[in-house]
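Please consult the sequence and structure shown below while reading.

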Amino acid sequence: MSAPLFPVFLDLRDRPVLVIGGGAVARRKAQALLAAGARVRVGAPALEPELAALAAQQRIEHLPGRFVPDWLDGIRLVVAATDDAAVNRAAAAAADARGIWTNVVDDAQASTFQVPARVERGPLQIAISSGGTAPMLARHLRERLETLLDDSLGALATLLARHRARIRARLPDLAARRGFFERVLEGTIPGLLRRGEHAGAERLLLATLDAHAPQRAQGRVALVGAGPGDPGLLTLRALRVLNQADVILHDRLVSEAVLALARRDAERIAVGKAVGGDHHATQARIHALMLEHARAGRRVVRLKGGDPFVFGRGGEELEFLRAHGIPYEVVPGVTAALACAAYAGVPLTHREHAHSVRLVTAHARDAADALDGRTLAQERQTLAVYMGVTGLETLAQRLIAHGRDPATPFALVENGSLPQQRVVTGTLADLPHTACAHAVQAPALLILGEVAALAARLHWFGAAPLGAPPRPAAAA
Ligand code: SAH
């Protein structure tokens, strides 16, 4: 894929721009440029009536005749809108040679800038571009946004703009100002504007400003579950907290797609534990970072894969925060067991096959050893095992030794919920061999129990489950 376009909003007030062409398309472009305050010159042999009227009123300047490079003198931006593709392209090439940004209407290739589809609410503008690849899609999205965004947003933007200087003067600290804006946006002012009560909204804004304490906001930590990777599995609350964060301390397991939904100017710090790394040092560093940033008045999001309270050391982190008097909240997430089961088509409980589920970890060798083998091996119980792929052999041996049927089905879910998800199925006796044959990599979750057999029929996401490979035939 080629590089994406870089979005900008241009200030064209009093700057000379050139529209080439004298027809209806050129007229629309000239009008849009006039609305942005540009000094518009229109070059064409003849102008359609409305353009001619604008020229007569001296709102635009008419350059008569066919395109000549002299038209480009002093020009900042060109829109080529004649119905002759060759003329447009020649003009675009001449403009580009002089370093002038040019749009050729309906010709992305010949253009050096493109005009986005846009949604306007007063001074607020949303611009949408498909980079010239799918203008229909951009237009469709624009229509959707038009219906989603209330008209009163324009009034809100205008109101905030009118009092911008006053707000800055009263709340010079950025964090305090953000707290104020959040209060305004989540309070009743937008509702007043929706009902057209502009004076009431303005009074309330000023009263809120007077009442808002100018001191720094108190720092706090939100322990947030990021889910298994698919950003659609974030909770609304997690999304909101991510958009208010000043600092995000995230695990390695947290997907890029989830991080992309967070506030753009939040500082991101990867604090992931490398496999085989020094867990104690990593955890101490996480604690120190939470403390440092919260004490500086920042809103810290400690973002963890899955759910923070399921094999996530969330408990330890809260105890640390409590001991240091830092306020905190916890936002649950979809844990890997639930997500992997759902995305592999394996119901964790089932009237006929399983009456309980156990979430266990076999990450550390001792963790697996500490589990009571007999209760683990019980039938009609689903095991969801959070683990490194290396522990499979030991686990399978122990379960069989304690009496779990070697024919018990399993589903091993790698990268659950992500586009690259793979599901590998088989029976307990074949587990280590099968995982190895398919080169299953972390992160992977093992679902063991009668229900795992349902994956073959109920799978719906991504590719069908991979089965056990044939055992190598005994040498003849
Ligand atoms: N707090 C997390 C678990 C952390 S332990 C949660 O609630 O999900 C890390 C283990 O979770 C990994 O070794 C793996 O077994 C499992 N895991 C996390 N994300 C996963 C994913 N997308 N697919 C499969 N397993 C995953």
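Helices (H or I, at least four residues) and strands (E, at least two) are DSSP runs, numbered from the N terminus. The model is predicted: local features need pLDDT of at least 70, side-chain atom pairs count only at pLDDT 80 or more, and totals for chains, interfaces and linings use all residues. Residues are numbered from 1 along each chain as its sequence is written, and side-chain values use heavy atoms, with hydrogens and water left out.

**The loop between helix 18 and strand 17**
- His-438 lies in the loop that runs between helix 18 (431-437) and strand 17 (444-448).
- With a relative accessible area of 18%, His-438 is buried (buried means under 20% relative accessible area, exposed over 50%, partly exposed in between; 1.4 Å probe, protein chains only).
- Leaving aside residues up to four places away in sequence, His-438 touches Arg-422, Val-424, Leu-466, Gly-467 and Pro-469 (contact means heavy atoms within 4.5 Å).
- Pro-443 is also found in this loop, and the peptide bond from Ala-442 to Pro-443 is cis, with omega near -5°.

**Positive phi angles**
- Phe-311, in the loop between strand 11 (299-304) and helix 13 (314-323), has a positive phi of about 45° although it is not a glycine.
- Phe-311 is partly exposed, at 44% relative accessible area.
- Ser-417, in the loop between strand 15 (409-414) and strand 16 (422-427), has a positive phi of about 75° and is not a glycine either.
- Ser-417 counts as buried, at 3% relative accessibility.
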